[in-house]
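Subject: Structure handover

Hello,

Here is the structure we spoke about, with the sequence alongside. My notes follow below.

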Amino acid sequence: METDDYIDLFDDLDDNEQTENFLKKGQRRKRFPERHFKEVRSRNAGFLKGQDDSSRSIDFTYKAARFEEWWLLESLGDFYEHQWITDVLRRVKGGKEASVYMCQGGEATDSKLVTAKVYRPRELRNLKNDHQYRVGRIDLDESGNAIFKDGDLHAMGKRTKYGEELRHQSWIAYEFQTLEILHNAGADVPEPHAMEKNAILMDYIGDLDIAAPTLNSVTLDPDETTALFERVLRNVDLLLSNDRIHGDLSAYNILYWDGRITLIDFPQVVSPSANPSAWNIFLRDVTRICEYFNSQGLKINSQETASELWTAHGHRIAKEVHPLFLDADDEDDRRLWKKQKDVK
Ligand SMILES: Nc1ncnc2c1ncn2[C@@H]1O[C@H](COP(=O)(O)OP(=O)(O)OP(=O)(O)O)[C@@H](O)[C@H]1O
Ligand SMILES: [Mg+2]
């Protein structure tokens with residue numbers, strides 16, 4: 001593949017900042033263009049493999065750009081073949097981690113509309129900051145089973161290309177498995193339907209015209225605020241009962257539709273019992289929720305709310321986070337580290 005094609009290809013993926021950074025990285029190394037593109041070629045060989053494979057041509061209503069179309073077919077082709085979906089209707093959102101599409105449900109599901117969350121290629125995903133979430137988590141394979149083979153564990157530890165692929169897969173499998181567990185436990189989450197190597201399929205929240213907005217963009221009616229806050233806490237509590245903390249909970253990861261809330265976006269869930277930073281991650285989740293509901297007129301003390309829930313599940317409140325679990329590039333983490341140091 002020619003240099004320009006690579007650039008076109010990533011341009012086509014979307015105009016997301018991370019794609020741009022990926023390209024800029026190449027521009028900085030202009031002095032060795034050959035070397036750079038060889039490197040890119042080999043790094044991306046996995047996901048580029050088959051991009052010219054024309055065996056799959058499905059005429060979706062949503063007309064994607066060139067690379068995105070190939071990526072959609074790669075990611076959603078099996079859902080289509082197994083009748084989970086019959087069409088991709090439109091893109092709901094392109095996120096930093098994944099793009100989300102509204103699809104028409106097929107015979108394999110009772111839902112007329114379903115959501116496909118298609119993860120960005122591993123190479124264009126930011127895995128840098130996932131360390132603190134993975135601590136204490138057993139990695140999962142593409143069927144959702146624990147990875148235990150020495151070779152696989154070694155590859156992940158060494159961060160070989162194959163190892164990175166497994167980590168990427170495990171990240172997605174955690175989202176799907178968590179949705180299954182929480183849905184079965186009666187939590188307010190989209191019902192999950194199916195998982196493929198690079199995508200998950202779940203219920204769609206919204207209608208044909210618009211997808212449900214995220215809570216941060218909604219001004220609540222004063223009559224519903226308290227009940228919705230309690231509903232969110234009920235879900236946080238259900239997560240704890242299932243040995244999970246959301247890890248990125250905020251009004252940005254809660255959908256609001258017809259007066260009801262739905263929690264989404266679970267790949268980074270952490271275990272409250274196995275992750276040494278669990279209390280701080282939990283406190284951050286609860287604090288963000290309280291901040292939103294306080295902005296809607298409630299007066300909630302986030303520290304007290306978090307402590308109550310946490311200790312009710314028999315967890316101890318950790319005094320501080322070990323520096324090993326803090327990310328020097330993350331502003332919040334740096335602030336926490338400084339605060340801990342000052343307290344000593
Ligand atoms: N089941 C769903 N029904 C309707 N819309 C959804 C659904 N799941 C996700 N979305 C939409 O897609 C967006 C991105 O989903 P999600 O938060 O899971 O991915 P993400 O990659 O973490 O995105 P972001 O970087 O925006 O947080 C959500 O903010 C929401 O607007
Ligand atoms: Mg999100």
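pLDDT is the predictor's confidence in each residue, on a scale from 0 to 100. It matters here because this is a predicted model. Across the protein the pLDDT averages 83, and 78% of the residues score at least 70. Two stretches should be read with that scale in mind. Over residues 1–10 the pLDDT stays under 50, and the model has ten contacts for them beyond four places in sequence. The pLDDT is also below 50 over residues 18–55, a stretch with 25 contacts in the model beyond near neighbours in sequence.

Overall make-up

The secondary structure comes to twelve helices and seven strands. The protein has 344 residues, of which 32% count as buried. Of the contacts with a separation of 6 or more, 61% are between residues 24 or more positions apart.

The core

The largest nonpolar core holds 68 residues. Those with the most contacts inside this core are Leu76, Ile85, Ala116, Val118, Leu201, Ile254 and Phe282. Helix α10, residues 278–295, gives the most to the core, with nine residues. Where does the core sit relative to domain 2 (66–203) and domain 3 (215–343)? Both domains give residues to the core, so it lies between them.

Neighbours within four places in sequence aside, Ile85 is in contact with Leu76, Phe79, Tyr80, Cys103, Gln104, Gly105, Gly106, Val114 and Ala116. Leu76 and Ala116 are also among the core residues with the most contacts.

The ligand

Ligand 1 is surrounded by 22 residues, and the closest are Gly95, Glu97, Val100, Thr115 and Asp265. The elements giving two or more residues to this shell are β1 (85–94), β2 (98–105), β3 (113–119) and β5 (199–203). By type, the shell has eleven nonpolar, five polar and six charged residues. Domain 2 (66–203) and domain 3 (215–343) each supply at least three residues to the shell.

Two buried loop positions

Ala187 is in the loop between α8 (161–184) and β4 (192–196). Is Ala187 buried or exposed? Ala187 is buried, because 20 other C-beta atoms lie within 10 Å, and 20 or more is the cut-off for that class. Apart from residues up to four places away in sequence, Ala187 touches Leu182, Asn235, Leu238 and Leu263. Val236 is 49 residues from Ala187 in sequence, with 9.0 Å between the two C-alpha atoms.

Gly247 is in the loop between α9 (222–241) and β6. Gly247 is buried as well, with 24 other C-beta atoms within 10 Å. With its neighbours within four places in sequence left aside, Gly247 is in contact with Tyr133, Gln268, Val269, Val270, Ile281 and Asp285. Val269, one of these, is 22 residues from Gly247 along the chain, and their C-alpha atoms are separated by 5.3 Å.

Thr305 belongs to helix α11, residues 302–312. Residues up to four places away in sequence not counted, Thr305 touches Val286, Cys290 and Ile300.

Positive phi values

Which part of the chain holds Arg159? Arg159 lies in the loop between α7 (150–158) and α8. Its phi is near 55 degrees, a positive value in a residue other than glycine. Arg159 counts as exposed, with 11 C-beta neighbours inside 10 Å. The helix that Arg159 follows, α7, is hardly covered: among its nine residues, the count of buried residues is zero.

Asp258 also has a positive phi near 55 degrees, and is likewise a residue other than glycine. Asp258 is placed in the loop between β6 (254–257) and β7 (260–263). Asp258 has 8 other C-beta atoms within 10 Å and is exposed.

Regards

Conventions. Residues are numbered from 1 along each chain as its sequence is written. Chains are lettered from A and ligands numbered from 1 in the order in which they are written. This is a predicted model: local features need pLDDT of at least 70, side-chain atom pairs count only at pLDDT 80 or more; totals for chains, interfaces and linings use all residues. A nonpolar core is a set of buried Ala, Val, Leu, Ile, Met, Phe, Trp, Tyr and Cys residues joined through C-beta atoms within 7 Å. A residue is buried if 20 or more other C-beta atoms lie within 10 Å of its own, exposed if 12 or fewer, and partly exposed in between; C-beta atoms are placed from the backbone. Helices (H or I, at least four residues) and strands (E, at least two) are DSSP runs, numbered from the N terminus. Domain bounds come from an automatic or database domain assignment. Two residues are in contact if their C-beta atoms, placed from the backbone, lie within 7 Å. A residue is near a molecule or strand if its C-beta atom, placed from the backbone, lies within 6 Å of it. Ala, Val, Leu, Ile, Met, Phe, Trp, Tyr, Cys and Pro count as nonpolar, Asp, Glu, Lys and Arg as charged, and the others, Gly among them, as polar.
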